[in-house]
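Thanks, everyone. Please have a look at the screen while I bring up today's protein.

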Amino acid sequence: MTSIDNDPLFTSLCNEKTLQSQKQGFFNEFYQSVAENFTGKSARWLQDVYQKVPSDKERLRLIYEDPVVAYEVQGTLEHVEPVFRGKDAKFSWQRREQALKLLGENKLQQALIIACQAVMRAPGQGVDRYIDKGLTLALALWTRAEVFIRQLDGKRALQDLQLAAKCGLPVKQNADYYARVAKCYALIGENGRAEVAAKLFHQLSGHNNYALVRLQEDLEDLRVLKQETPSVEVERSLPKLAGEGENGEIMGASSKIKLAGSKEDPRGRYVVAAADLGPGEVILTEPAYAACLHAKYYGTHCSACFSRLIAPVACPDCCGVAFCSVACRDKACATYHRFECQYLDLMIGSGMSILCHVALRMVTQAGTPERVLEEGKMLRDTFCAHTEHRDPEDHFKRTLMTAFLLRCLQKAEFFGRRTTEAPEPTEQELEVGAVLLSALQSLQFNAHEVYETRITGEHRFDTAKVQYIGVGIYRGASMFNHECYPGVTRTFLGTAMILHTSRPIPAGAVVPENYGPHFMRQPKAIRQRNLRSRYWFKCDCRACAEDWPQMDKLPAKPRLRCPTEGCGNALAYPSKPSQRNAKCNKCKQQINLDANVKMLEASDQLCTTGAEMMASQPLEDERVDEAIELMKKGIALFAQAAHPPHKPTLVAEESLRSCFADKGNANRY
């Protein structure tokens, strides 16, 4: 793969998308107001002044100091103020009353949705004493706990009750509290604790024996109902890496892969197999260095770990994001969210892309400017930015976006309390800004979209669809080069990326990933155009060099592999049995293709049987693990017998991805 010139118009559009996702955002107006200053007499300012400045830091300094643009830049940045949706005790109270009404009508799912809204909008203890005597959040959690008990979800109900107690709910003399706690323990099978809570209820109710008997009957009813209701939640964990432990040079990688190439190599640094790899081997399980959720999923997924929200936990100050647990909330609020909290809505309103948010997150999660500068060198060494090839106007836009994000950091006191309200940065702030600006360039080439599998019907795979929910940056995964016929499948668990091999890869061969353009789905001309304009390289992979057809135009039979050891020549599939004896035009040996034909037939049968195990059966009868093993064998057998492309094998490789994705971020809707 080599760097090349791109289609200027399409490249410009691709570049813009990585900076701005919304044209109507105010950042575009900000840029236009500044750009008006280098037209006319200053029309060459970008080329003659800005572009000749040697570093990102100095270009950032320039826009605050050069009289051509400084007045407009600083004048706009002075108006940056917090914009976020705060708490509302009255709204929370109203939602709580609605939830109670729905609960009385046995509309449990609707009640849960409304109760969650009550929790999210409720201010903390004592913030608004005119409503609920300052206990709005505690009472919202109390109400949601009752909904969860009615839904037989004792674990989440107990969490809400414990949170309610921490938020000021009086529990010392509260018999009802211990009655609910007893029900929670009964639902999660901890009968000893349920009995202890029931005894406390008995004491606090004035030793009301009738009430105790009623409670014990309720506990037994809940146990029976829980046994009759199958659990649909599955505990998921990262799979074990193939080989002997973790790789020493690639974060989160197997010892069966290694780095090759160098910065001077036209291909850069890239991943090759350190040992023979079979299909379905786990070669990477890497947590995201930084990851951000798409804004449209702020209300449905955890902002920290991307898991689907069932009992959302709110930020104490804003209603913009939600977390799946107290642990995720506390971790976020102790690091990045305390700097982003009051500026999230402002950033969304700017129209900036999610890549800009990831760039900011790389800074805010570091916690201090000193830490940002420590990690900045590592980030520049790991992720290519191609600054020298970037159009000056595009670079200037990214510098302007950096100035906006830097102003948000200033206002959020990331740099501590400043001695001036002026936006002009200090030397330290300029250095942090340079890290931001580098990230705004490199993320275009190195970020990965994080997805979940959405299941909408009775059958897991028949109705499964990929939904992109966020974007992450991964140091190890960024080392994999692209091919239009990838050797790995990418799945996610939370924000962690998992790479499985999708086909056999011999030791020493490149282990290729796919950046989006796959030969099965896009013709060569479109793939090449997309890769040139989005990633700035010309792909010369095998699928491009041989111009493989798309899936619907593949020939019925593949080319067979010459059985002579070390030859590997591609031979036309014999249309008649009599043509299976032939002479290889590469190794010049007389060969017989009977074994290849039989292996290919066996491969097709294995892959077909595996696919049948995945679909068209009731959910409980889908045998995913067995399907994986059959397809792995079928794909490995094909590699011995024939050369790609081959439709049944390609379908099996995609089916493998679906099976592995089912063990990651998968949600039923």
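First, a caution. This is a predicted model.

Now the layout. The protein chain has 669 residues, and 53% of them are buried. It holds 24 helices and 16 strands. Along its principal axes, the C-alpha trace spans about 100 × 75 × 40 Å. How is the chain divided into domains? Domain 1 covers 89–228. Domain 2 comes in two pieces, 257–287 and 448–546. Domain 3 runs over 555–668. Taken over C-alpha atoms, the centres of domain 1 and domain 3 are 56 Å apart.

One more number on the fold. Take the contacts between residues at least 6 apart in sequence. Of those, 68% join residues at least 24 apart.

On to the cores. As background, nonpolar side chains in soluble globular proteins tend to be buried together. Here, the largest nonpolar core has 104 residues. Which of its residues touch the most other members? They are Ile63, Phe396 and Val511. Helix α18 gives this core its largest share, nine residues. Look at Phe396. Setting aside neighbours within four places in sequence, Phe396 has contacts that include Tyr31, Phe38, Trp45 and Ile63. There is also a second, separate core. That one has 52 residues, among them Leu141, Leu158, Leu215 and Ala311.

Next, helix α1. Which residues of α1 are buried? Phe10, Thr11, Cys14, Asn15, Glu16, Thr18 and Leu19 are. The buried residues of α1 pack against α2, α16, α18, α19 and α20.

Keep Glu16 in mind for the salt bridges. The count here is 34. In one of them, Glu16 pairs with Lys397, at 3.7 Å from N to O. This pair links distant parts of the chain: Glu16 sits in α1, Lys397 in α18, and they are 381 residues apart.

Now compare two local pairs. Arg61 bridges to Glu58, with the closest N and O atoms 2.9 Å apart. Both residues are in helix α4. They are three residues apart, so about one helical turn separates them. Arg657 and Glu654 also form a salt bridge, at 2.9 Å from N to O. That pair lies in helix α24, again three residues apart, about one turn of the helix.

Glu58, at 29%, counts as partly exposed. Arg657 is at 16%, and therefore buried. Glu654 is at 31%, and therefore partly exposed.

One of these pairs belongs to a wider group. Salt bridges link Lys57, Glu58, Arg61, Glu427 and Glu431 in a network.

Cysteines next. How many disulfides are there? The count is zero. Cys484 is in no disulfide either; its nearest cysteine sulfur, that of Cys544, is 3.6 Å away.

Last stop, His301. Where is it? His301 is in the loop between β4 and β5. At 0% relative accessibility, His301 counts as buried. Its C-alpha atom is 8.8 Å from that of Val321, 20 residues away along the chain. Beyond neighbours within four places in sequence, the contacts of His301 include Leu293, Phe306, Arg308, Glu452, Arg454, Asn667 and Tyr669.

That's the tour. Over to you for questions.

Key: Residues are numbered from 1 along each chain as its sequence is written. This is a predicted model: local features need pLDDT of at least 70, side-chain atom pairs count only at pLDDT 80 or more; totals for chains, interfaces and linings use all residues. Side-chain values use heavy atoms; hydrogens and water are left out. A salt bridge is a side-chain nitrogen of Lys or Arg within 4 Å of a carboxyl oxygen of Asp or Glu. Helices (H or I, at least four residues) and strands (E, at least two) are DSSP runs, numbered from the N terminus. Buried means under 20% relative accessible area, exposed over 50%, partly exposed in between (1.4 Å probe, protein chains only). A disulfide is a pair of cysteine sulfur atoms within 2.5 Å. Contact means heavy atoms within 4.5 Å. Domain bounds come from an automatic or database domain assignment. A nonpolar core is a set of buried Ala, Val, Leu, Ile, Met, Phe, Trp, Tyr and Cys residues joined through side-chain atoms within 4.5 Å.
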